[in-house]
Amino acid sequence: MSLFETSGRIDIRGVELLRDALDRSAQEALVDDLRRVAGVAPFYHPETRRGQKFSVRMTSAGAVGWISDRKGYRYQPHHPSGGGWPSIPPQLRELWCAILPEAATPDTCLVNYYGEGARMGMHQDKDEADLSQPVLSVSLGDEALFRVGNIERGGRTESVWLRSGDVAVIGGAARLVHHGIDRIRFGSSDLLPQGGRINVTMRVAGSGPGAAA
Ligand code: MD3
Ligand code: FE
C-alpha cells in the first residue's frame, strides 16, 4: 500500500488528516476487502433507543462491533442478526501498525456507509474502554463535510471536506472532541459503483462497560 508519498498533513483541532494517504489501487483493494466483510456481516440500519433510524448504515469487523438498537449502544461480539463479525482485513491492520506503531492492537473496525442524503450528527466517541488509545479513520468514495467542535458541547467548530483516500488519526486531546458529518457530495467519486461514501474507523474497544457480552 503506498503511504505518505504525496500526503499533506493537516491539523484540524488536533485531528491529524493525512490527505491522499491511499492511492487509487489501495482504495480499490480496501473496497474489495469491505465487500467481503459486508458479505459476512451485512450493513444494517442502526436505531436509537427511541427507535429513530440512523441515516448511515453500519457493520463491523473484529472481535466486537459497535451497535445501536432499542436497548442502547455498545460493543458486542455478534452482528444484530446473531452471527459473529468477520476478522479485520489484513490491509487495515497493516495500515494501523504503519501509522500507529506504539498503539495497542485494534480489536474492532466500524464501517459506516453513507448513501445519498446520509449524515452523522455531532457526537463524542467514548464507548471504548481506554480513551488514551487512538482511532484511525479511512475515507472511501464520495466527499464528506467533516465538522470538528470541542470537548464540551457547542462552541465554535471547524469543517473540512474529507476525500477518498484520506486517513485521519485521532489521538490525545482530540480523542474526545465532538465531531460529525454534515453531508456528502453524492456522486463526487467513482470509487463505489453505486456511489456514496464508506468510512472505516479502527479502534481498540477493549473490555469495559461498553464491551459487555
Ligand atoms: C474525532 N465517523 O464512526 S470519521 C464514527 O466519517 C465517526 O463516518 C465519521 O465519527 C465518519 O464515530 C468521522 C473521523 C473521526 C472518527 C472518530 C473520531 C473523527 C473523530 C473520534 C474522536 C474524534
Ligand atoms: Fe465518531
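Some conventions come first. Residues are numbered from 1 along each chain as its sequence is written, chains are lettered from A and ligands numbered from 1 in the order in which they are written. As the model is predicted, local features need pLDDT of at least 70 and side-chain atom pairs count only at pLDDT 80 or more, while totals for chains, interfaces and linings use all residues; side-chain values use heavy atoms, with hydrogens and water left out.

I begin with the metal. Which residues coordinate the iron ion (ligand 2)? They are His123 (NE2), Asp125 (OD) and His179 (NE2), at 2.0 to 2.3 Å. Donors here are N, O and S atoms within 2.8 Å of the metal (3.2 Å for Na, K and Ca), and the site may look incomplete because water is not among the atoms. The spacing of the donor residues in sequence is H-x1-D-x53-H.

I turn to the pockets. A pocket is an open set of points on a 1 Å grid over the protein atoms alone, where a 1.4 Å probe fits, with protein on both sides within 12 Å along at least five of seven lines; lining residues have an atom within 4 Å of a point. The largest pocket holds about 1000 Å³, a volume being the space filled by probe spheres set on the points. Its lining comprises 44 residues, and those nearest the centre are Met120, Gly121, His123, Gln124 and Asp125.

Of its 13 lining residues, Arg35, Phe43, Tyr113, Leu192 and Ile198 are the closest to the centre. Helix α1 (residues 24–40) gives the most to this lining, with five residues; helices are DSSP runs (H or I, at least four residues), as are strands (E, at least two).

Finally, the sheet. Seven strands form an open sheet in the order β1-β2-β11-β8-β13-β6-β3, with antiparallel pairing. Two strands pair if DSSP finds at least two bridges between them. β1 (9–12) and β3 (57–62) stand at the edges, each with a single partner strand, so one side of each has no neighbour in the sheet. Within the sheet, β8 and β11 pair over four bridges.
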